[in-house]
Amino acid sequence: MAKEPAAMRAWPYRLFLAGPVLAVLLGSIPARAAENPSEFVAAFLDEAFGLFRAEAITVEERRAALLDLFATKMDIQGMARFMTMDQLTKANPERQQRFEGLLAGYLVDAFYTKIAEGASASVDIAMSSWSSIPDKPAVDSIIRKMDSRPEPITWRLRPVDGSYKVVDVMSEGISLATTYRAAFGAVMLSGGLERLEELLAARQ
């Protein structure tokens, strides 16, 4: 089994420490195309944390729902290509699709516990100062968990079909996509894309 780089283990602990979202400070966001980036992030988090507040759901059902949420609301295709330094583009379509599934599952596994731990906290949401380019909006969230200092997290988005997708998440100035790109690159240096696929599959 491939050993997981320390950077890949550490990053999730900077993220998803929150719980019920104050959806733009007022209730839940209906299931529809988001009107603005802040609504999109609020709805995304509210759905993720809601899975851990629901009682009539099994671990398997919760994980499957979280996987679907990540696959739908995150730009897994773009993230996969960036994190593999475009090595994935050289693979055939079936392998690309398989890798994207492995990456989505890996991210679910990496953040599962932290999402669960934050199910009773709250988060404030506002447009980010990073949003200087219209087609690359960003949203700031401030995690407010009892007995912990507030934690700022910035969500980088991409407009897609009237809504958005998450392309990166930044905690304390550290980018998830860039961190995983470096960690994945180290793995591929010693074993190529095949070894990276083995590592991601081993976590699921």
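Biologist: At what angle do helix α4 and helix α6 pack, and how far apart are their axes?

Modeller: This is a predicted model, and in this model helix α4 covers residues 76-83 while helix α6 covers residues 176-202. An angle between 35 and 65 degrees falls in none of the parallel, antiparallel or perpendicular classes, and α4 and α6 are therefore oblique to each other. The two helices pack at an angle of about 50°, and their axes are 8 Å apart.

Biologist: Which residues of α4 meet α6, and how do the residues of this contact divide into nonpolar, polar and charged?

Modeller: On the side of α6, the contact involves Leu-176, Ala-177, Thr-178, Tyr-180, Arg-181, Phe-184 and Met-188. On the side of α4, the residues that meet them are Met-79, Phe-82 and Met-83. The residues of the contact of α4 with α6 divide into eight nonpolar, one polar and one charged.

Biologist: What covers the buried residues of α4?

Modeller: The residues in question are Ile-76, Met-79, Ala-80, Arg-81 and Met-83, which are the buried residues of α4. The elements that cover them include α3 (59-73), α5 (93-117), β4 and α6.

Biologist: Which residue forms a salt bridge with Arg-81, and is that residue buried or exposed?

Modeller: Arg-81 counts as buried at 17% relative accessibility, and the closest N and O atoms of its salt bridge are 2.8 Å apart. The pair links distant parts of the chain, with Arg-81 in helix α4 and its partner in helix α5, 19 residues apart. The partner has 15% relative accessibility and counts as buried; this residue is Glu-100.

Biologist: Which residue meets Arg-158 in a salt bridge?

Modeller: Arg-158 is in strand β3, and the pair links distant parts of the chain, since its partner, 83 residues apart, is in the loop between α3 and α4. The N to O distance is 3.3 Å, and the partner is Asp-75.

Biologist: Where is Arg-203, which meets Asp-109 in a salt bridge?

Modeller: The side chains of Asp-109 and Arg-203 meet at 2.4 Å, N to O. Asp-109 counts as partly exposed at 27% relative accessibility, and Arg-203 also counts as partly exposed at 27%. Asp-109 is in helix α5, and 94 residues apart from it Arg-203 is in the segment after α6.

Biologist: In what order do the five strands form the open sheet, and which are the edge strands?

Modeller: Strands of a sheet pair through backbone hydrogen bonds, either parallel or antiparallel. Here the pairing is antiparallel, and the order is β1-β2-β3-β4-β5. Two of these strands pair on one side only, and these edge strands are β1 (122-127) and β5 (174-175).

Biologist: Over how many bridges do strand β3 and strand β4 pair?

Modeller: Strand β3 comprises residues 151-160 and strand β4 residues 163-171, and Val-160 stands opposite Ser-163 in β4. The two strands pair in the antiparallel sense, and the number of bridges is eight.

Technical notes
Residues are numbered from 1 along each chain as its sequence is written. This is a predicted model: local features need pLDDT of at least 70, side-chain atom pairs count only at pLDDT 80 or more; totals for chains, interfaces and linings use all residues. Side-chain values use heavy atoms; hydrogens and water are left out. Two strands pair if DSSP finds at least two bridges between them. Helices (H or I, at least four residues) and strands (E, at least two) are DSSP runs, numbered from the N terminus. Axes are lines fitted to C-alpha atoms, for helices over the stretch in contact, and angles run from 0 to 180 degrees between N-to-C directions. Angles under 35 degrees count as roughly parallel, over 145 as roughly antiparallel, 65 to 115 as roughly perpendicular and the rest as oblique. Contact means heavy atoms within 4.5 Å. Ala, Val, Leu, Ile, Met, Phe, Trp, Tyr, Cys and Pro count as nonpolar, Asp, Glu, Lys and Arg as charged, and the others, Gly among them, as polar. Buried means under 20% relative accessible area, exposed over 50%, partly exposed in between (1.4 Å probe, protein chains only). A salt bridge is a side-chain nitrogen of Lys or Arg within 4 Å of a carboxyl oxygen of Asp or Glu.
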